[in-house]
Amino acid sequence: MGTEKSKSDLLPGTLDMLVLKTLTRGHFHGYAIAQLIQQLSDDLLRVEEGSLYPALQRLELNGWIEGEWGTSANNRRARFYKLTPDGRKHLTEESARYRQVTGAVARIMGFA
Amino acid sequence: MRSWKRLWLRLRYLAQHSQRQRLLWEEMDFHIESMTQDLVREGMPEREAHAAAHRKFGNMTRKSEEVHTIWIAQWVDDASQDLRYALRMLAKSPGFTAVAVLTLALGIGANTAIFSVVNGVLISPLPFRNADRIVSMFQEMPDFPEGSISYPNFLDWQRDNRSFESMAAYRWANGTITGVGQPENLPARCISATFFPILGVNPILGRNFNATDDRRGADPSVLISEGLWQRKFGSDPNVVGKRLVVGGTGRTIVGVIPASFRLKIWNFRTADLYLPIGEEHDERFFKRDAHWGMDALALMKPGVTLDQARKDMARVNAGLAAAYPDVNAGLKSTIITLKDEIVGEMRPVLLVLLGAIGFVLMIACVNVANLLLARSTSRQREFAIRVALGAGRARMTMQLLTESVVLAVLGGGLGLVIAKWGIAAALAVVPRALPRAEEIGLDGRVLLFTFAVSILAGILFGLAPALKSASRNIGESLKDGGRSISGSRSRTQATFVIGEMAMAFVLLIGAGLMIRTLLELWRVDPGFNPHHVVSFGINPAPMLAEQSPDSIRAFLRQLRSSMRSVPGTEYVSLEWGAQLMQSDSETGFWVEGQTPPARQADLPLTLEYLVEPEYLQVMRIPLLRGRFFTDADDEHSTPVVVIDSAFAQKYFAGEDPVGKDVNILDYDTDASRRSFLPLQVVGVVGHVNQFGLADDAKSSLQAQIYLPFLQTPEMRVKSVALGISVFARYRPSLNAESFFQTMRKQLLANNGDMIVSDDESEEEVVARSIASQRFSVTLLGTFAALALLLASVGIYGVLSYLVGQRTQEIGVRMALGARHFDVLRLVLADGARMMLMGIAIGVLAALGLTRWMASMLFGVTPTDPLTFAVVAVVLCGIGLCACYVPAHRAMHVDPILALRHE
């Protein structure tokens, strides 16, 4: 049983990586995660709202994040996610791999 | 092990599936609402904002389906892919598959068979309504915890207790029926009106007894069994109200008891006729010191515990002891659950067997694990390629586990067939040892057990090989082409063999101890010779009861002389009272020269046998002193008695008993006055084994007396009409069955109104007294043999594999000058090391485990050194034989060929 792969428009695994990275800043619910990714990328990356939830479940199944019900700022029940030690380790591996890939792409494209 | 965690998460998801979906929707709703609020803040009207958020989010149902796919569908996909692959792999090596499936089928089948016995006997509830509240009750007697209750005490128990909803008494009844076809003697019981209501049994026709039927002077009534109703009355729907003559009394049939009612306990068997117990004519039955073999059932009130019921009865008994100190001093009742009474001593036996068969399955699993390990050697390249192509370690493990579980489930399926056959075989070997035998079968719980055991076995034997294979270094496997010796693998195999040897050792010890027990039991001298003796029952015509004592005696004399004239008869004797290893009968007494105790309750008891002069020769009981009876000891001469050696030792220690008097209770007189019959001791005979080969020595009741049949007191002699037993020794050239048939024919030719039935050879009676031990020996022996076979195959397989792996090494050694003998020693030493370690562990395990068998053993301790030594030698011997074949092959390795292999 391999790692469950994502099916977004980004490079494979990128959404997962972004979610994990976002969660290094603290515990957030799904909407906040989407907002943060958008803000941090200066509105360049827009998370397709719907695909976020399957991605979160997949990350949870792999044991990289854990969800917990809590109360949102506007006093509603929301599910907050946090990074697990496994998830942190996976994020490190993924960032390294991503750096390699983008580096290689950049070299080919002559950006470097 | 991330894959295990993931499996766990998935199973949890599956279990909470609908709740998880609901929560997902809630989560997504929250998201959409947050989006809406942000849009509203940016100035969009609320309705538009809501629609826009929804549009942007996308189809929620599809998202939730996608989530479901992540959790479940992919998983099922993987599993079914593994399953197809596993089936393909197994089909590719049919030889391996067949051996593995057969081995597992044996193990799982035997487990299923034993579990279905345990399930039928111990686990499943009794087939009665309120079964868990029904208890068996007895009156504790000085020599028996389960003695019979006197009817007045029973009635007082019924009236004074606070813990029981209802109580019912039961005892044997005379079941001769006349007037409908041939006279017959049918199994019959007297019961209280409350008996069937307690068990929840309703007649299929008519009604149960009521209080009016169940009292003295009531109109005689009878309940008949469904079987009798079909056989004798042709299933007549109008049978209720018809008359039936039972034991010479005309009775009205009030109901028909369904054939589904079955109960077999010490003193009760499902019968064809049931009579109301309280309607007894004989007034002696209603005396407080009368013990007519009557026991009771009772239904505890809901919520009352066994302990509370016992305390309550202790209170009732204290009251009865104070009210009737003469007979009731120290009165106690024994209360056990009905289930305990039915299951009795079989509980520890069955649990030991279940444990033993578990070992057999483990040995089978270990063998298959070894096969898988050996096979994985040849599949190393396949694994390596799959890993190289990207299969994860967890995925590989799951794949291999799928293969082993498939094997186990196939084995389990075949095992069910073996079990069905095995149950039938086991029940046929020892039919009578097992209570509730008719309730044993493959029910849902057994199927579930088999399925669970199969899955568990598959994981158990599959795990080690799977982990080992999946963790192999790919590079090495690809490099050496699957020929390498893996050190850790052969270590695993050696561990397996050691484990199997240890388990086989424990099983062999179990079987060995039971065999020794049986040998010891057969060596017990029963005090009589059961060979060429047959016993049977005679029911004279019921009207005999109405005749004078003199004519009854004349009938008995004539009966004896006609039996003596039957060809083949050597000796013959009528018998009454206690019957060896079958039923007991006691009387209170005191001996001359001692003061009789003030209270009847304090009288010592002795077993009593009413016999004729030839009884001693029939049973070949030795005469130790004085004389036995002669025909002259009749109703006109001085009443005499013969005692056994145990009686003489206990009550005439150091004296010559011959010529002294033994005074026995005279039950013929009226209740108001206690009197004794003085009997003169004329002889002493050897002690006989009354309570069975295993149990006689344990009983505190050892004293036995013999009374001449013809001196039976007047009132009692009338009871001859209820039936008597005959013991006959026949010529050794005949067999019991044909002799009995000749006897029966001749007796019926003289007197067509008699019933002659229930023949049994004394050998059978003796054998039956140790039926549970024979049952254990048969099964434990079979298990041990199976274990020994599997373990030998195991050690043989592993050594062969190791020899195969070491062919090159052996070739090198031989090329360098090693002799055949050295090679033999090399291989045998490997085998011997595993065996000895296995036996060492087995000894320790057996020392710890055999004490669970203590209650099943006789004349041998659970740690019997002889058994341990013999088993160790046998196991070593057989193990070495299994090692010899591969060692021999190693010895004949051709160095040239072996080296060319490189």
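**Chain A, secondary structure.** I began with chain A of this predicted model and found that its secondary structure comes to four helices and three strands, where helices (H or I, at least four residues) and strands (E, at least two) are DSSP runs numbered from the N terminus. Reading along the sequence, I noted the pattern α-β-α-α-β-β-α. Chain A has 112 residues, of which 31% count as buried; a residue is buried if 20 or more other C-beta atoms lie within 10 Å of its own, exposed if 12 or fewer, and partly exposed in between, with C-beta atoms placed from the backbone.

I then looked up the UniProt record, an unreviewed entry, which lists "domain: Transcription regulator PadR N-terminal" for residues 19–93 of chain A; such annotations may be inferred rather than shown by experiment, and the positions are given in the numbering used here, with feature names shortened. Over residues 19–93 the chain is 51% helix and 21% strand, and the end C-alpha atoms are 14 Å apart.

**Numbering and confidence.** I kept in mind that residues are numbered from 1 along each chain as its sequence is written, and that chains are lettered from A and ligands numbered from 1 in the order in which they are written. Because the model is predicted, local features need pLDDT of at least 70 and side-chain atom pairs count only at pLDDT 80 or more, while totals for chains, interfaces and linings use all residues.

The model scores ipTM 0.84 and pTM 0.75. For chain B I found a mean pLDDT (the predictor's confidence in each residue, from 0 to 100) of 87, with 96% of its residues reaching 70 or more. Over residues 481–485 of chain B, however, pLDDT stays under 50, and the model has nine contacts beyond four places in sequence for them; two residues are in contact if their C-beta atoms, placed from the backbone, lie within 7 Å. Where pLDDT is low, the predicted coordinates should not be read in detail.

**Where the chains meet.** The contact takes 27 residues from chain B and 17 residues from chain A. On the side of chain B that touches chain A, the largest share, eight residues, comes from α2(B). I sorted the residues of this side into eleven nonpolar, six polar and ten charged, where Ala, Val, Leu, Ile, Met, Phe, Trp, Tyr, Cys and Pro count as nonpolar, Asp, Glu, Lys and Arg as charged, and the others, Gly among them, as polar.

**Two positive phi angles.** B:R620, which is not a glycine, has a positive phi near 55° and is found in the loop between α19 (615–619) and β19 (623–626) of chain B. B:D758, also not a glycine, has a positive phi of about 60°, but its place is in strand β25 (residues 755–761) of chain B. I noted that B:R620 counts as partly exposed because it has 16 C-beta neighbours inside 10 Å, and that B:D758 counts as partly exposed with 15.
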